[in-house]
Amino acid sequence: MTLLQTVTSLMPILSVLVFLVILRWPAMQAMAVSLVITASLAVLIWQVPYVQIFASILEGWIIAATILVIIFGAIFLLNTLTQSGAISVIRQGFIGISPDRRIQLIIIAWLFGGFLEGASGFGTPAAICAPLLMALGFHPLAAVALALIADSSAVSFGAVGTPILVGINQGLGHISNDRLQHIATAAISIDLFVGVFIPLMMVSILTRFWGENRSFKEGLALWPFAVFAGLAFLLPAWLVANILGPDFPSILGGLLGLIIVIGAVKLNFLVPKKVWLFAGEEATNKQPEPAVPPPKKASEMSIYCAWMPYVVVAVLLVLTRLDSLPLKPLLTGVKIEFNHILGTSISHSASPLYLPGVIFVLVCVLTFFLHKMSLQQISTSFRLSVKSLVPSLLTLATAVPLVRVFINSDVATSPLTSMPKELAMMMSEFFGQSWPMAAAFVGALGAFISGSATFSNMMFAELQQTTALTLEIAPNVILGLQMLGSNAGNMICVVNVVAACSVVGLNNQEGSVIRLTLVPMMLYCLLAGAVSLIWLSVVN
């Protein structure tokens with residue numbers, strides 16, 4: 001590539017980093033400017049026809065609409081449970097498990113979030129865990145950033161294994177189940193030594209940026225419990241991946257991890273004697289009262305009744321994602337198709353009934369009756385949820401089209417392939433035999449761009465395998481790194497960040513979130529690369 005072509009291919013990434021992270025522009029403004037710059041350079045330098053640009057923008061709006069359904073459902077569920085008083089009961093229930101904020105974070109974001117990721121994907125964990133953390137008294141910025149960091153290891157096998165069963169499989173032109181099993185095993189084996197540190201990283205960031213003493217030390221002090229919680233998820237996930245395959249590691253890992261860790265807390269196993277609380281909580285050992293006072297009947301609600309909507313969400317997500325049941329083909333069979341948009345090769349189809357947001361809304365309706373909500377409470381919940389969508393709509397209307405312009409830049413009028421593939425090839429030529437240290441970053445690049453680990457795997461699996469074979473490096477290990485990198489990229493993906501911020505009402509703070517998640521993402525990819533190099537040196 002020429003210098004101008006290199007700059008053009010880097011522009012979507014550079015513009016996001018400069019405008020969002022460095023200049024701290026609101027995402028609405030940063031994404032709009034980035035779209036204009038990227039689209040202009042795509043036409044002038046990359047030789048992408050105008051019609052391809054406009055078709056990509058239209059495709060972006062279609063995808064944005066599906067994301068908005070998920071955001072609305074998550075906001076509606078939170079507001080419904082707040083109005084019914086369930087959130088207040090859930091808050092008190094977590095005090096019963098442990099008042100320590102570090103332990104609460106691990107249980108909700110790492111374990112419950114891991115289960116939700118395994119069941120659904122599609123940004124569901126952050127959409128549910130971030131508002132739940134905020135309702136428990138966590139700062140909104142902490143809730144979003146830490147929920148995104150937690151939603152990492154589980155993404156490799158999210159949505160019942162979709163990133164590998166669809167992403168890697170289609171990216172390599174459909175391979176045998178035995179080969180997929182070996183790739184999955186390679187990924188989770190590396191992650192045993194990488195993902196295990198995610199809970200420790202989360203609590204250290206929590207105490208450093210939101211603790212009264214602004215100290216990493218208070219988070220690191222929890223290291224025995226944090227590492228134990230990491231293994232409580234990853235060891236069952238490793239066993240499931242080796243025995244049952246790539247469908248259920250995250251679901252069963254999250255579920256078994258919840259049982260193990262909550263049981264350990266009850267037995268006071270590895271739990272530090274000193275309870276860590278937010279500033280102002282030390283004297284009473286109680287969490288602050290919510291901004292919206294709970295209804296009087298909330299005190300009469302049982303913890304089981306309060307949690308029931310979340311339980312129903314989890315059950316429905318699992319039941320509708322299993323290929324062995326008739327629900328999945330029934331829901332995915334209802335499609336809205338947009339073929340050859342504006343006469344181009346760009347097409348997109350959506351299965352609206354299969355979106356997690358639809359399940360959220362359905363559970364909200366069930367909650368109206370289960371929690372005996374009044375018409376005023378229902379109306380308030382719906383009104384607040386609709387009002388919260390406006391900033392998300394305006395931001396996603398430019399953020400998603402930016403991504404699609406970048407991805408759809410592979411056209412016949414240009415001698416180059418798409419911008420992300422050119423960047424990946426340039427990286428592979430530069431790193432050579434050190435490719436394992438870069439492979440995860442390519443996966444992260446794909447997820448950062450597309451907002452999907454599945455699409456990242458689909459986009460870069462063939463490139464990763466070709467590079468591995470050319471350099472005579474074990475292909476399955478490199479593809480495992482691709483999977484791990486794609487899950488790490490979810491921490492900084494603009495679309496995921498915008499969606500999570502929208503759910504908790506944290507608009508115009510997207511750059512602050514990325515500044516907090518960028519370093520953990522890079523550490524994760526670097527550690528994955530280092531572990532793989534050690535593994536390869538031992539094997540060889």
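Mentor: Start at F382, which sits in helix 17. Helices here are DSSP runs of H or I with at least four residues, strands are runs of E with at least two, and both are numbered from the N terminus. This is a predicted model, in which local features need pLDDT of at least 70 and side-chain atom pairs count only at pLDDT 80 or more, while totals for chains, interfaces and linings use all residues. Residues are numbered from 1 along each chain as its sequence is written, and side-chain values use heavy atoms, with hydrogens and water left out.

Trainee: Is F382 buried, partly exposed or exposed?

Mentor: Read the relative accessible area, taken with a 1.4 Å probe on protein chains only: buried is under 20%, exposed is over 50%, and partly exposed lies in between. F382 is partly exposed because its relative accessibility is 43%.

Trainee: Which aromatic cluster holds F382?

Mentor: The general idea comes before the case. A pair of aromatic rings is described by the distance of the centres and the angle of the planes. Rings of Phe, Tyr and Trp (its six-membered ring) pair if their centres lie within 6.5 Å; planes under 30 degrees apart are stacked, over 60 edge-to-face, and the rest tilted. F382 forms one cluster with F72, F76 and F368. F72 and F382 are 310 residues apart in sequence, yet their C-alpha atoms are 9.5 Å apart.

Trainee: How many aromatic pairs does the whole structure have?

Mentor: The search finds 15 aromatic pairs. One of them joins F225 and F228, with 6.4 Å between centres and 50° between planes, a tilted pair. Both residues belong to helix 12 (residues 223-243), three residues apart, about one turn of the helix. F225 has a relative accessible area of 0%, so F225 counts as buried.

Trainee: Where does helix 17 bend?

Mentor: At L396, by about 30°. The bend at a residue is the angle between axes fitted to the seven residues ending there and the seven starting there.

Trainee: How do I read cavities, and how many are there?

Mentor: Rolling a probe the size of a water molecule over the atoms shows where empty space is left. On a 1 Å grid over the protein atoms alone, a cavity is a set of points where a 1.4 Å probe fits but cannot get out; lining residues have an atom within 4 Å of a point. Grid points are joined across faces, edges and corners, and a volume is the space filled by probe spheres set on the points. The count is four cavities of 30 Å³ or more.

Trainee: Which residues line the largest cavity, and which helix gives the most?

Mentor: The lining includes P12, M31, L402, F406, F448 and V494. Helix 17 gives the most, with four residues. Helix 1 (3-22), helix 17 (375-407) and helix 19 (436-450) each supply at least two. The lining has 11 nonpolar residues, no polar and no charged.

Trainee: And what lines the second largest cavity?

Mentor: M28, P391, S392, T395, N508 and E510 are among its lining residues. Helix 17 and helix 22 (494-503) each give two or more, and helix 17 gives the most, with three. The volume is about 40 Å³. This lining divides into three nonpolar, five polar and one charged.

Trainee: Now backbone angles. What is phi at Q47 and at H340?

Mentor: Most residues other than glycine have a negative phi, and most peptide bonds are trans. Q47 has a positive phi near 65°. Q47 lies in the loop between helix 2 (27-44) and helix 3 (50-84). With 40% relative accessible area, Q47 is partly exposed. H340 also has a positive phi, about 50°. H340 is in the loop between strand 1 (336-338) and strand 2 (348-350). At 53%, H340 is exposed.

Trainee: How many residues of helix 6 are buried?

Mentor: Of its 12 residues, 11 are buried. Among them are T124, C129 and A135. After helix 6 comes G137, with a positive phi near 110°.

Conventions:
1 Å grid on protein atoms, 1.4 Å probe; cavity = no way out; pocket = protein on both sides within 12 Å on 5 of 7 lines; lining within 4 Å. Nonpolar A, V, L, I, M, F, W, Y, C, P; charged D, E, K, R; others polar.
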